Amino acid sequence: LSTYQKEAAMAVINVNLFSMSLLHDMDVTVVLPDKIDKGEKLKCVWLYHGGSGDHVDWLYHVRLTDYVNERHFAAVLPTVHESCFVDMNIGNKYGTYVGKELPLAIWTMFNCISKKREDNYVSGFSNGGYGCLHTALTYPEYYSKVGAFSAGDKADADFPNDGGAKSVNRIRLYGDGDLHKNSYGLTYLADKLIDNNEIPPVIYHACGSLDPWLSMNHIVRDYFLEHSDYYNYTYDEIVGLGHEWDFWQEELIRFLDFAGLTK
């Protein structure tokens with residue numbers, strides 16, 4: 001089913017597993033604290049990359065191994081190529097893989113990682129910020145908290161449908177319909193949870209004041225604030241930072257604090 005290579009005294013583990021959803025191998029990075037007690041169940045943060053990233057982005061751009069050791073939790077870094085963490089309209093079911101299949105596989109492989117909903121959090125930046133919200137709203141039974149950074153709703157993005165590269169890519173990922181009316185849209189998924197009276201994830205959402213997609217983040221912010229009777233939602237905005245690693249590193253620290261993963 002899978003192979004893995006242990007590195008750095010078991011702190012960083014490179015996993016290559018075969019996905020039944022995708023029908024090909026996928027790479028995943030798992031980061032564990034150096035010391036784990038026998039029988040211990042670690043809380044886990046699933047960290048999603050940006051549009052052009054992969055399963056090592058968070059590892060090489062922030063002090064992730066230090067955070068994992070100091071705050072004593074597990075981190076799982078998947079890759080989904082350029083799928084935006086969804087089941088593509090034309091393409092593979094990356095949303096099913098990353099949101100459902102991968103957790104079940106990781107929980108089986110790593111007995112030290114808790115499979116309890118209350119112990120699993122999903123976070124990401126840019127496309128991964130949209131992706132982590134999409135995952136948690138699609139599979140609320142698996143994830144109790146979300147840390148979404150620079151995370152607009154793809155439903156609110158400009159779609160000229162003019163046959164250009166941007167238009168073709170959008171149709172490949174989501175189709176040509178109104179995403180506010182299907183499961184690619186965040187507010188559609190959020191409304192569905194309300195209608196079904198399901199337990200929603202706690203949401204921490206952040207964007208830099210200089211981010212070029214700040215207005216899209218504000219649309220998401222305003223939706224959840226308008227539904228504060230159902231959603232436990234917190235918004236943070238850092239003045240002077242934009243779509244950049246300085247912002248995402250700071251917000252990861254703030255999210256870990258928010259989630260109770262303190263030193």
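Mentor: We start with the whole chain and then turn to single residues. Keep in mind that this is a predicted model.

Trainee: How many helices and strands does the protein chain have?

Mentor: The protein chain has 8 helices and 9 strands.

Trainee: Why is the protein chain called as compact as a globular protein of its length?

Mentor: The radius of gyration is 18 Å. The globule rule gives 18 Å for 263 residues. The value is close to the rule, so the word holds. As for the box, the C-alpha atoms fill roughly 55 × 40 × 35 Å along the principal axes.

Trainee: What share of the protein chain is buried?

Mentor: Buried residues make up 53% of the 263 residues. The cut-off is under 20% relative accessible area.

Trainee: What share of the contacts with a separation of 6 or more comes from residues 24 or more positions apart?

Mentor: Such residues account for 71% of those contacts.

Trainee: How do you know that the buried residues of α5 line one face of the helix?

Mentor: Helix α5 covers residues 165-174, and S167, R170, L173 and Y174 are buried there. Seen down the axis, these buried residues fall within an arc of 130 degrees, so they line one face. An α-helix has 3.6 residues a turn, so residues three or four places apart point the same way.

Trainee: What covers the buried residues of α5?

Mentor: The cover includes α4, residues 127-138. Just after α5 comes G175, with a positive phi of about 85 degrees.

Trainee: What makes S126 stand out in its phi?

Mentor: S126 has a positive phi of about 55 degrees, although it is not a glycine. S126 is found in the loop between β6 (120-125) and α4.

Trainee: Why is S126 called buried?

Mentor: Its relative accessible area is 16%. Buried means under 20%, so S126 qualifies.

Trainee: Where is S150 found, and what is its phi?

Mentor: S150 is found in the loop between β7 (145-149) and α5. Its phi is near 55 degrees, a positive value in a residue other than glycine.

Trainee: Is S150 buried or exposed?

Mentor: S150 has 5% relative accessibility. The cut-off for buried is under 20%, so S150 counts as buried.

Trainee: Why is I253 called partly exposed?

Mentor: I253 has a relative accessible area of 22%. Buried needs under 20% and exposed needs over 50%, so I253 is in between. I253 lies in helix α8, residues 245-258.

Trainee: Which residues does I253 touch, not counting those up to four places away in sequence?

Mentor: I253 touches Y67 and R71. Contact means heavy atoms within 4.5 Å, so both pairs meet that limit. I253 and Y67 are 186 residues apart along the chain, yet their C-alpha atoms are separated by 8.3 Å.

Trainee: How do you know that L17 is buried?

Mentor: L17 has a relative accessible area of 4%. That value is under 20%, so L17 is buried. L17 lies in strand β2, residues 12-19. L17 and D27 are 10 residues apart in sequence and 6.6 Å apart in space, C-alpha to C-alpha.

Definitions and conventions:
Residues are numbered from 1 along each chain as its sequence is written. This is a predicted model: local features need pLDDT of at least 70, side-chain atom pairs count only at pLDDT 80 or more; totals for chains, interfaces and linings use all residues. Side-chain values use heavy atoms; hydrogens and water are left out. Helices (H or I, at least four residues) and strands (E, at least two) are DSSP runs, numbered from the N terminus. The radius of gyration is taken over C-alpha atoms; the globule rule is 2.2 Å times the number of residues to the power 0.38. Buried means under 20% relative accessible area, exposed over 50%, partly exposed in between (1.4 Å probe, protein chains only). The arc is that of the directions from the helix axis to the C-beta atoms.
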